[in-house]
Amino acid sequence: MIFDHYDIIVVGGGHAGCEAASSAAKMGSRVLLVTMNIETIAQMSCNPAMGGIAKGQIIREIDALGGLSGIVTDSTMIQFRMLNKSKGPAMWSPRAQSDRSLFSQTWREILFDIENLHIWQDAVNEVIAENGKVGGVKTKLAGIISADRVIVTSGTFLNGLIHIGKNSFGGGRLGESGAIGLTKSLESLGIESERLKTGTPVRVDGRSIDFSRMTEQKGDENPGKFSFTDTPQLKGQRSCFLTYTNERVHNILRRGFEDSPMFAGRIMGTGPRYCPSIEDKIERFADRNRHQLFIEPEGWNSNDYYVNGFSSSLPIDIQFNALKEIAGFENARILKPGYAIEYDYFPPTQLHYTLESRIVKGLYMAGQVNGTTGYEEAAGQGLIAGINAHRSLNNKEEIVLKRSEAYIGVLIDDLVGKGTREPYRMFTSRAEFRILLRQDNADQRLTPLGYEIGLASPERKERLERKTRLIKRFIEYLKENSATPPGVNDYLERAGTTPIEKKTKYINLVLRPQVSIREIINEGNEIQMFFREHEKIDVYKEALESTEILIKYEGYIEKEKEIAEKINRLEDIQLDPGVDYNKFKSISKEAREKLQKARPANIGQASRISGITPSDISVLLVHLGR
């Protein structure tokens, strides 16, 4: 035996696996991360970017809890943009283009530097369990390795099948073999599996692209970042570009439909609704004569470009000929073809809200094996699985984030309570409390918890306390001090809002939608002196942004808090884990079956199960004496 016993084994070195392994090890567990290829740890299999709509909030939440995805992204990004700035702050979402190679390299360096974390290159083909309790794994090279907890984060590798035109072959990514045997092992333990499908587009040699025929998309003039720690500030940036398909492109793509594995029925898995292939877009939106494409650089020193929006599994010659009809790609050279990949996943309704299996005690699952898409959704699940595996080992209460606490809470609640039959993607619209779940306040929401469980450092806690004090000080100043007409009226007129006729509290001016707190500061000597005194504090910019949001949206925020508190009362009404729902004859047979299968921990979770009606909840409340 070359291996001793481990506290936790993490299967898979993708984004979920990295967060799971690092969080558990940092908290004190002895962890083994088993990956099929050490060189592709945290590989960006699809587009070289982190964040985006709602996904950016997830990365900030991971960072606030003490996870590492935000730190790695800040250290490797080549462009930063805050999306949806024209909308309210509930919709603002940070997004970064990353250096694909540097991202993976940085993750590897961090993981190798974590005490208690051992990395082993091998393929896991069996999960060992006895009497419904996990005991370790069996690998291709090392044989049986024992552990008290196992976290499966195998991504798209489980029985992965790659499709390009009429050609189909096994693989987890192009050029990498799939994972065989693990699905069968889990099925033998009573866990159900199904199939999903995703895809990726061609990669193009940037030297062959005519960018002058495209629209340049630069990063923000003053780029932000993801981490609440002192990560590097982005100095230079690389641009992305926009271009469009056209009818000529669509006609060429249609010629390949008869050889399309999707239309021919050779792909059995369900594809992502919100990120369809280009052939799917043409079929579903036949009335549109063009589709937007985002041309994304893959690194500082790379000539590879990712054609976002052109995902395809059509024959290579069809992909190539269609691409050359797009403005800017007339002389394009393809580096890799687009392809579709089918893979096994395990419907997440088989999990507890802690991400532990309901069937095998000590077995956790995170990432695409739970039916999600995206690095961010995977990383968020991995973090929670790592935290909970560690805490269960140490007989501590496991963590379940509420929907009003985090997008990660919304994500896991949706997966476990409702399940998914298609690749799940997070959107701001999925969160009913998105005004509370802003990207700017992720640290205020989650760092106290991260510190309490031993994952967020004391430095993070102290930083949050400085920020909180500064926000309070700023709001007090704006409430207590007034602007004079000569001091601000020129600015108010330029901003397109009514000038003041007498002294007016600054806070009343900041309430106006046209008024920016930064511009107000620049206008008056007294207010400028006050704020300039605090500029050198490391959290100044963050505190200023949060101050403005809290003032402008105070009414909305307070209303949402009230609603969240009412709903959260249902989360406090616990259900007996051993209750037999089949005895409740006043509840429909369908509802009884769903409750019996889902085993919700509380009334709130029960109320969100698909098919459970308000009358069903009333019956449960009567049963509980409520």
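The largest share of the lining of the second largest pocket comes from α17, with nine residues. Helices here are DSSP runs of H or I with at least four residues, strands are E runs of at least two, and both are numbered from the N terminus. This is a predicted model, in which local features need pLDDT of at least 70 and side-chain atom pairs count only at pLDDT 80 or more, while totals for chains, interfaces and linings use all residues. Residues are numbered from 1 along each chain as its sequence is written, and side-chain values use heavy atoms, with hydrogens and water left out.

Back to the pocket. Its space is about 1,500 Å³. A pocket is an open set of points on a 1 Å grid over the protein atoms alone, where a 1.4 Å probe fits, with protein on both sides within 12 Å along at least five of seven lines; lining residues have an atom within 4 Å of a point. The volume is the space filled by probe spheres set on the points, which are joined across faces, edges and corners. There are 45 lining residues, and N222, R518, K541, E542 and E545 are the closest to the centre of the second largest pocket. Two or more lining residues come from each of β4 (77-83), α12 (458-480), α15 (517-523) and α17 (540-552). By type, the lining has 19 charged, 15 nonpolar and 11 polar residues. Charged means Asp, Glu, Lys and Arg; nonpolar means Ala, Val, Leu, Ile, Met, Phe, Trp, Tyr, Cys and Pro; the others, Gly among them, are polar.

Next, the cysteines. Zero disulfides turn up in the whole structure, a disulfide being two cysteine sulfur atoms within 2.5 Å. For C240, the nearest cysteine sulfur belongs to C46, 14 Å away. C240 is buried at 2% relative accessibility, while C46 is partly exposed at 23%. The cut-offs are under 20% relative accessible area for buried, over 50% for exposed and partly exposed in between, with a 1.4 Å probe and protein chains only.

I114 sits between α4 (100-112) and β6 (117-121) and is buried at 13%. Beyond neighbours within four places in sequence, I114 contacts S22, A25, K26 and L68, contact meaning heavy atoms within 4.5 Å. I114 and S22 are 92 residues apart along the chain, yet their C-alpha atoms are separated by 7.2 Å.

Finally, the whole chain. The chain has 21 helices and 22 strands, and 57% of its 626 residues count as buried. Of contacts between residues at least 6 apart in sequence, 72% join residues at least 24 apart.
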